[in-house]
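The stops below are meant to be selected one after another.

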Amino acid sequence: MTDIYDSYLAKFLPVCGPKILITTVMYPLEMTKVLIQLGHEPIAPVDGRSFFNKPVKKLPNAFKYVQHIGNKDGLIGCFRGLSPRLCSCLLTTIISNEIEEYFDKKNSGDSSSNAEEEEPSKEIELLNTLKKKLTINVVTITITQPLHVVTVRMIAQFVGRETKYNGIFSSLWTIFKEEGVLGFFSGFVPRLLGEVSFVVLYETMFYVAKKLIETEEGVPDSMAGLLLDFLIRNYLYPFHVLSACMSVNGCGLMAGQAPAMPHYSNWIDCYRHIKAENGLSRGSGLLMRETFIRDVVTYPFEYASFLVQIGYRPESTFVGNKSLLRRSIGFTSITNTVEHIYRTDGLLGCYNGMKPFLCSQFISKAIIRLCCDKFHPHEKCYKAKSVASSTLDLSNSDCKIDYEEECEVQWKPVCIRAAIDLIAQLTAITISHPFTIVSYRMMAQFVGREQKYTGIFSSLCTIYKDQGSSGFFVGLAPQLIRQMISFASVSALLFILEKCTRKHRTHTFHEFSYFISDMAIRNLTYPLHIVSVLTAANDHELRSVSPPLMPDFEGDWIKCWNYMSKTGQLKRVWFPVHRYSQKMPAKSILLSVDELD
């Protein structure tokens, strides 16, 4: 018995452990998403601007919603319903693995018996994949639906402050007493339809896309899959809203009865009502309320910038005589590198490594916004004694305060706020750094055409096997040092500007001064960023960031700094024109893809 237990533990722990950890960390956002799907919006919208600069009403982003839940129920309240969610995640993982092993053995047996015959066509492989994934989805959803219902109802109790559903077994017993066996499958049909439709559409469209756009170099499957996954999940998102609403409808909770929600006879009735209210997409823009569109649009330039930083230069960079200004700001090299990536890997290839990059950005923004707002010393340092606070409109950009009157410095709240903000930024950089490393190494594979780092979790496992837990934080120290120097320097510069410009103090002026100060300090500390990037990307199996093109720094950023200083490559930070001149720094990568092959 012990041997069986140990074998199962060794088999499923590496698979279930990371999923359970990520589910736990991301659960407050999942709870927020369910509450928005149920139509609960406790925070009033504010005026804002759309992506096309049109005036709109903006709802609070997910982080402010989580902060609202934390203010009401504390930190533990942000994990309401976590226990049945983790049980559901565990069951789904175990059942999926068992069914997948069964189908793999069956298919391998069929292929061995037909070894002398022709290989199965791609159409047969598609049918086998559909059969396996549909079986997995139907079985796992059917088994875990009671736990899903309990999870949604525990979360819905936040609306009416009820305590009807507490433990897993007591909640299941309550549902059975009040609604019978059918109560365990509330919202089952739309959830099952959504997942089955996703599998069918995704697999068939992915198969068709590969046949239509396949080139000699092949299709970047991971990026094509990511794009299709995003589009199809958004198209089928209304099924998630219907499932959440039907799971709580008529269960006795305030969130599932009038006036918050009318009584629905079935899920089709629910669909008609929510569609009439234009609410089928509520919760789908959880992150798009304060959007990552800018990160997605500018990612190809981030990609090209990284390749330039590690010394990669496509041959087109040196063709033609560009103006000194365009070369000095790096326009020529960056745009030519983006063009080179596009010609080599296509449009999807320009987004290689974007998933860990967006994860890193998401984690950083989540931590910073949950902890505090951006620290502006000019708004905190002074308190006018002779002006009543009720007569000031600080939101007006033309508002001026006469600081020639007697003022006093409010040092204590300023220092506390500054310390909180700095700690939040350093924490965000530290926690998101493993994803940053994965993103760098995925980008670095462009030069040598390696495939060592593909998915996020497989890449994290690879780093752990090669370098241990310390490999997740390679190159972190220079980033933390840079952040501390930048924060302290910008705060000091703004404080000096405060004292020198009291007579001309406006909100617009201080925003502009903050922007200029931050940009100047970050440019001066840019060598630390270069060192961090090279140290984090350094991998002896990737040609672009290993000998002979780059020494093995062994995770030591001091070695990287000394090497960059001796070879004169830190100077290109202040004089970017040298990066794009005919005289390249030592050990620059002047190889085309053909030469590497």
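What follows is a tour of salt bridges.

This is a predicted model, in which local features need pLDDT of at least 70, side-chain atom pairs count only at pLDDT 80 or more, and totals for chains, interfaces and linings use all residues. Residues are numbered from 1 along each chain as its sequence is written, and side-chain values use heavy atoms, with hydrogens and water left out.

A salt bridge here is a side-chain nitrogen of Lys or Arg within 4 Å of a carboxyl oxygen of Asp or Glu. By this rule the count is 15.

Glu-178 sits in helix 5 (residues 168-179) and Lys-164 in the loop between helix 4 (122-160) and helix 5, 14 residues apart. Helices are DSSP runs (H or I, at least four residues), numbered from the N terminus.

Next, select Arg-449 and Asp-345, whose closest N and O atoms are 2.5 Å apart. Arg-449 belongs to the loop between helix 14 (411-448) and helix 15 (456-467), while Asp-345 is in helix 12 (residues 331-349), 104 residues apart.

Then select Lys-452 and Asp-539, a salt bridge at 3.1 Å between the closest N and O atoms. Lys-452 lies in the loop between helix 14 and helix 15 and Asp-539 in the loop between helix 18 (526-537) and helix 19 (557-566), so the pair ties together parts 87 residues apart in sequence. Is Asp-539 buried or exposed? Asp-539 is buried, at 5% relative accessible area; buried means under 20%, exposed over 50%, partly exposed in between (1.4 Å probe, protein chains only).

Key
Helices (H or I, at least four residues) and strands (E, at least two) are DSSP runs, numbered from the N terminus.
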